Amino acid sequence: MFSFLIDRRERGGLLFRHPEATATKEIVYPVFIPYAGCPTRCLFCAQDIQTGKGEQSVANALAEAEYNLVRRPAHLPLPELAFYGGTFTALPHHQLEQCLQFASTMLAQGKVHSVRCSTRPDCISPEILHQLAKAGVATIELGIQSFAGPALEVSQRGYSPQVALEAARAITATSMRLGIQLMPGMPGQTFSHALEDVRLCTELKPDFVRLYPCLVLKGTALEQAWLRGEYQPWEMGQTVSFLAEACLALWRAHIAVARIGLAPEENLDTAVLAGAFHPALGSQARALALHTHIRTQLLHNPALAAHQGKDFTLHVPQRYSGQFWGHRADLEEAYTALGLCRQRIQFWDMPYFSLQYNNASPVPPCATAHSPTPAPRGSMGRAARRRARRLGEHNGR
Ligand code: SF4
């Protein structure tokens, strides 16, 4: 089923790559214009806290950006100019003109190499797309949050699933890059809705996706709903399971996951009242996704069955050494259940994974199971087991 991921077999073992679609690492110079152009204040949104910037005028934001970009040391790599924090394409006409003029000037002067902006799906039109492309905007990030009707309705987003789909398709029909932002766990959304959102993304084929699990932030309308008991965000385990599954689905569709969770800002810690907020959230999700990928490789490879009882080593690219065992090694028991205890893992400098058999050696004592047969449930960490199981169930395994 996943044989497309297997490059070739070696001595009865197997070679495979990480399924990750890598995002180009951009150095971004952000111009934050919190709430500018927003038709309403969305019930979960606290841009001032999320961006660490208070409300400021567009003119001031541009003046500050110009000051910094013009003085940016020449030896530093050129950044990408990014208009974030509001609804860029719904700015009043003269402000949008000001921003686009500024962007064109910075591009012409070689102060930035590219321009991006974020906006809402109901603020996209053919005229706007033409205007952005003409000014040199290369990437549009759409804050879709969900394609599910009930989620959009309960969260009072003010547009229909159809509008969200059409906006995404309109951008992919241009030469500009599309980024989609999703908010799993938002009010009115079920786990199935969130999975369907990911599936739709794999159809729409944006260049990247950002996953921001819904949090209850101080000062938002969502805080009031949460206090009244009308909303409960997803708990951490459920969120990590979802994110891992989403990552795998997106990676397999060659879509990069550019970010998971809000970027740490100074006041964010104290502003988060409820929800899955953890500095290592992205790394936990990616680690669980990788475990599932490896588990799938082992369980679904009939060639391995012929080597029951033989010792083996899994070589893992060095770049994954930091996340391989999970946060605080919470995936170690799940790996051991696959026969992948620590002495069978070696990190190496190659960019792919390689499982190699050692025909001469007996199975060493660390292995609870040589074959990809999961160990008894009691031997796996509870949290890791629950997440791994949930992911397996959702994948139909
Ligand atoms: S979520 Fe987007 S559209 Fe809504 S208030 Fe925040 S920045 Fe504006």
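Predicted model: local features only at pLDDT ≥ 70, side-chain atom pairs only at ≥ 80, totals over all residues.

User: In what order do the strands of the open sheet of 7 strands lie?
Analyst: Helices (H or I, at least four residues) and strands (E, at least two) are DSSP runs, numbered from the N terminus. Two strands pair if DSSP finds at least two bridges between them. The edge strands, each pairing on one side only, are β2 (28-32) and β9 (256-260). With parallel pairing, the order is β2-β3-β4-β5-β6-β7-β9.

User: By what angle are neighbouring strands of this sheet turned against each other on average?
Analyst: Axes are lines fitted to C-alpha atoms, for helices over the stretch in contact, and angles run from 0 to 180 degrees between N-to-C directions. For the neighbouring strands of this sheet, direction is ignored, and the average is 20°.

User: Which residue in β6 is the bridge partner of Leu142?
Analyst: Strand β5 (residues 137-145) and strand β6 (residues 177-182) run parallel and are joined by 6 bridges. Ile140 stands opposite Leu178 in β6. For Leu142, the bridge partner in β6 is Ile180.

User: Which residue in β7 is the bridge partner of Gly179?
Analyst: β6 also pairs with strand β7 (residues 208-211), in the parallel sense and over 4 bridges. Within β7, the partner of Gly179 is Phe208.

User: Which residue in β12 is the bridge partner of Leu314?
Analyst: An open sheet of 4 strands, with mixed pairing, has the order β1-β13-β11-β12. Its edge strands are β1 (14-16) and β12 (345-348), each pairing on one side only. Strand β11 (residues 311-317) runs parallel to β12 and is joined to β12 by 4 bridges. In β12, Leu314 has as its bridge partner Ile345.

User: Are α7 and α9 roughly parallel or roughly perpendicular to each other?
Analyst: Two packed helices are described by the angle between their axes and the distance between the axes. The axes of helix α7 (residues 191-204) and helix α9 (residues 236-252) come within 9 Å and cross at roughly 20°. Angles under 35 degrees count as roughly parallel, over 145 as roughly antiparallel, 65 to 115 as roughly perpendicular and the rest as oblique. The two helices are therefore roughly parallel.

User: Is the crossing of α7 past α9 left-handed or right-handed?
Analyst: A crossing is left-handed if the near helix is turned anticlockwise from the far one by less than a right angle, and right-handed if clockwise. For α7 passing α9, the crossing is right-handed.

User: How many nonpolar residues has the contact of α7 with α9?
Analyst: Two residues are in contact if their C-beta atoms, placed from the backbone, lie within 7 Å. Phe191, Ala194, Leu195, Val198, Arg199, Cys201 and Thr202 in α7 meet Phe242, Glu245, Ala246, Ala249 and Leu250 in α9. Ala, Val, Leu, Ile, Met, Phe, Trp, Tyr, Cys and Pro count as nonpolar, Asp, Glu, Lys and Arg as charged, and the others, Gly among them, as polar. Beside 1 polar and 2 charged residues, the nonpolar number is 9.

User: At roughly what angle do the axes of α9 and α11 cross?
Analyst: Residues of α9 including Val240 and Leu248 take part in the contact with α11. α9 passes α11 in a right-handed crossing. The axes of α9 and helix α11 (residues 281-299) come within 8 Å, and their crossing angle is roughly 60°.

User: How many charged residues are in the shell around the ligand?
Analyst: A residue is near a molecule if its C-beta atom, placed from the backbone, lies within 6 Å of it. The residues around the ligand are Tyr35, Cys38, Arg41, Cys42, Cys45, Gln47, Gly86, Thr87, Arg120 and Gly143. The shell has 4 nonpolar and 4 polar residues, and its charged residues number 2.

Definitions and conventions
Residues numbered from 1 in each chain as written.
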